[in-house]
Amino acid sequence: MTLCLDTLSSAAHNKAFMKKKLSLLLILLSAGVLLLAGCLPGATTGFGCGGAPPSGWSGPVVANDTLYVGSMTGRLVALEDIFSPRARTKWQYPPGDEGDLGYVYGTPYYEDGVVYVAAYKGKVYALDAENGWRMWAYPEDGTIGAIVGGPVVSEGVLYVGSSDGNLYAVNATTGREEWPPFQTGEDIWATPAVHDGVVYIGSFDQKLYAISAQNGVPVWSSPFMTGGSIASAPLVYNDTLYFGSFDRTFYALNLDGTQKWTFDEAGNWFWGEPVAYDGTVIIGSLDGRVYALDAETGQEEWHYPAEEVVGPVRGHPAVAGGVVVFGSEDGTVYAVDAATGAKVWQRDLENPVRAPVCAGEDVVYIHASNQKVYALETEFGGTVWSFYTGD
Amino acid sequence: MFKLSRKNLIILAIIIAVIVVLAVVGPVEAWNYVLLEPLLNFLVLLSSAFLGSFGVAIIVTTIIVRLLTFPLTLRQMRSTKAMSSLAPKMQEIQKKYGKDQEKLRKEMAALYRESGVSPAGCMLPMLIQFPVWIALYQSIVRALASSPEELLSLSQHLYSLPLIHQTVPLEAQFLWLNLGSPDRFFILAILCGASMWVLQKMSTVPSADPRQESTSRMMLWMMPLMFGMFTLVVPSGLGLFWVISNVIGIVMQYFIGGWGTLGTLFNKAPATAPAPAPEPEKQLETPEGAAQEEALAAERVKQQKRLEHGKSRDKRKDRRGSRRDRSRKARRRS
């Protein structure tokens with residue numbers, strides 16, 4: 001490029017020529033700078049280098065008539081009066097101008113009057129569910145690696161995975177380590193699952209681990225190997241472990257770590273957590289489809305849409321009143337019959353939905369990327385309320 | 001007037017094809033299908049071949065792209081060199097016809113025609129290379145996918161090859177660098193700026209024209225500083241690409257044109273503008289010498305005739321032009 005500028009400058013005698021050629025060069029340079037600007041962190045240009053800038057995709061969770069969700073401005077927001085058309089803020093943490101948690105990707109976890117939230121900055125917080133006061137943070141000083149999955153609490157112990165490749169077990173009351181972190185080979189972006197004293201967690205080293213909840217020691221002789229990274233939270237249903245992988249395969253394992261069946265008809269990665277309903281396991285894929293598989297045999301019962309595809313389905317669907325509700329990257333929320341896969345309704349929110357759907361009684365809660373939480377009635381998809389969680 | 005030569009027909013066909021593709025598919029999708037996704041998937045496959053090392057994949061890809069675009073780079077370098085060798089003649093013409101812009105333009109055009117050089121000879125190679133470089137920048141940053149949103153986006157651009165899906169996400173660590181973040185030690189920014197300066201110094205041809213010399217001096221410092229500053233803020237995978245690209249450019253430039261004006265730094269001899277071509281020596285009066293003299297004289301006559309033909313064609317154009325102006329004025333008056 002500089003050679004060209006040198007050459008053109010030597011033709012400086014011809015003003016008309018110079019004007020034309022230098023204008024073209026300037027246009028090219030400006031286009032280059034704009035495109036390059038798309039490579040800067042946070043860039044959102046259509047021709048930009050990356051995808052959407054980081055913002056988080058926390059799903060909502062409902063407990064005791066209160067909805068908790070990690071906002072895209074780095075706060076945990078508690079909403080009350082969620083069964084009336086006028087939901088309002090109960091509290092938010094951190095309050096006011098006291099900084100923020102950073103992005104929140106994992107869904108908060110509620111247990112016994114405490115709500116737990118994991119932040120991308122590498123900290124886990126335990127907050128009083130009633131007033132949002134901080135009870136403890138782990139680690140108290142410093143951070144662990146970026147946390148993308150959510151925390152899970154079982155038998156008084158909180159489990160969470162981190163991008164430093166470790167699975168942490170922390171006392172849910174005091175915030176102190178229960179046992180030394182269990183190290184996997186790569187980042188952990190999945191949410192753990194706990195069943196019968198065993199913690200199941202997938203890692204970017206393409207393995208699924210089974211770890212004793214008691215002492216952090218592996219339960220299986222060797223972890224289960226897949227062909228791609230695992231970001232999907234496992235589901236335990238009827239003594240079978242279900243999870244998806246970036247190798248575009250959905251796995252069903254016996255609890256001893258042996259393979260039961262696989263489903264590999266998807267066109268792209270499995271990222272979200274599966275959900276079980278009436279003998280069927282339902283999972284969304286980044287190929288723009290939701291699949292319903294027989295939990296015992298892995299036979300496909302239906303997939304939606306039948307012919308085309310919608311946008312990538314990242315978050316896990318929810319089932320309410322026999323209807324499967326899921327959000328898609330194309331900005332639309334779909335509701336399909338859980339038995340047949342026939343469309344019941346769809347709502348265009350005009351903003352990508354990457355967060356998991358939360359099902360309540362006759363209502364589903366959706367956190368869209370426009371920072372709004374929507375409460376939609378399950379029957380027809382009508383809006384009960386919507387609430388902006390941004391600053 | 002547009003001539004239907006083979007070259008023009010090919011160019012027209014390419015332009016039409018590009019317009020059709022853009023109209024049918026859309027510019028963003030066309031960009032993704034034609035440039036971004038092939039480069040992106042190639043980078044991921046290379047990483048897999050080099051045991052997951054994305055840094056090595058960037059280096060190898062840069063070398064391959066530079067080698068493939070070498071003919072275009074060579075054309076650019078030759079164009080620059082040829083333009084610089086014309087500088088003394090251009091100065092002469094400027095002195096002679098400086099006040100008459102029209103005459104100056106014609107004489108310059110004739111000079112370019114005779115010498116077969118085009119001042120815009122570097123534009124086409126650059127127009128072709130530019131989108132490739134931009135696509136490569138984007139591929140490097142997309143492939144790294146340092147945030148969950150970026151990884152989600154990456155999933156939509158990967159081909160359906162198991163090896164590709166097994167390799168992602170890529171390992172961002174390379175030497176002291178996290179390829180997905182700017183280099184916090186600034187080493188890459190210094191390397192980028194320094195290597196660009198060396199390349200500029202080697203490839204700049206000194207000129208007798210003070211305006212051109214001043215532009216070259218400005219470029220010598222401005223571009224390295226600019227790219228050095230970019231390297232401070234963009235992901236270091238891009239910075240690595242720029243450094244490797246500059247180093248390859250230095251090697252190419254060395255084999256084509258030697259150390260150039262960089263050599264003067266070590267020899268401490270002032271860089272001089274290219275001297276005007278020397279007068280052909282008078283041959284001794286031998287039969288071979290006489291034949292050579294005749295051939296040279298015939299060549300000079302041919303060149304003179306071409307020049308005169310060009311001048312008389314320009315005169316005829318002027319006469320036609322002024323006749324048209326007169327009849328237009330007459331129509332307006334009536």
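Two residues are in contact if their C-beta atoms, placed from the backbone, lie within 7 Å. On that basis, residues 24 or more positions apart account for 41% of the contacts in chain A with a separation of 6 or more. The structure described here is a predicted model.

**Chain A overall**
- The secondary structure of chain A consists of 2 helices and 32 strands.
- Chain A has 391 residues, of which 49% are buried.

**A position in chain A: A:A87**
- A:A87 lies in the loop that runs between β3 (76-80) and β4 (88-93) of chain A.
- A:A87 counts as buried because it has 20 C-beta neighbours inside 10 Å, and 20 or more is the requirement for that class.
- Leaving aside residues up to four places away in sequence, A:A87 touches A:L79, A:D81, A:I82, A:W385 and A:F387.
- From A:A87 to A:Y68 the separation is 19 residues in sequence and 12 Å in space, taken C-alpha to C-alpha.

**Domains of chain B**
- The domain assignment divides chain B into domain 1 (1-78 + 122-171) and domain 2 (172-264).
- The centres of domain 1 and domain 2 of chain B, taken over C-alpha atoms, are separated by 22 Å.
- To the contact between them, domain 1 of chain B contributes 20 residues and domain 2 of chain B contributes 18 residues.
- On the side of domain 1 of chain B that touches domain 2 of chain B, the elements giving two or more residues are α3 (54-68), α4 (70-85) and α7 (123-144) of chain B.
- Among these, α3(B) gives the most to that side of domain 1, with 7 residues.
- Sorted by class, the side of domain 1 of chain B that touches domain 2 of chain B holds 13 nonpolar, 5 polar and 2 charged residues.

**Helix α10 of chain B**
- Helix α10 of chain B covers residues 187-203, a run of 17 residues.
- From its first C-alpha to its last, α10(B) reaches 24 Å, close to the 24 Å expected at 1.5 Å a residue.
- This helix is mostly covered, as 13 of the 17 residues of α10(B) are buried.

**The largest nonpolar core**
- The largest nonpolar core has 162 residues, and those touching the most other members are A:V324, A:V325, A:V364, A:I366, B:L43, B:I140 and B:A143.
- One of these residues, B:L43, touches B:A57, B:T61, B:S139, B:I140 and B:A143 when residues up to four places away in sequence are not counted.

Terms used:
Residues numbered from 1 in each chain as written. Chains lettered and ligands numbered in written order. Predicted model: local features only at pLDDT ≥ 70, side-chain atom pairs only at ≥ 80, totals over all residues. Helix = DSSP H or I, 4+ residues; strand = E, 2+ residues; numbered from the N terminus. Buried ≥ 20, exposed ≤ 12 C-beta atoms within 10 Å, placed from the backbone. Expected span 1.5 Å × (residues − 1). Domains from an automatic or database assignment. Nonpolar A, V, L, I, M, F, W, Y, C, P; charged D, E, K, R; others polar. Core = buried A, V, L, I, M, F, W, Y, C linked by C-beta atoms within 7 Å.
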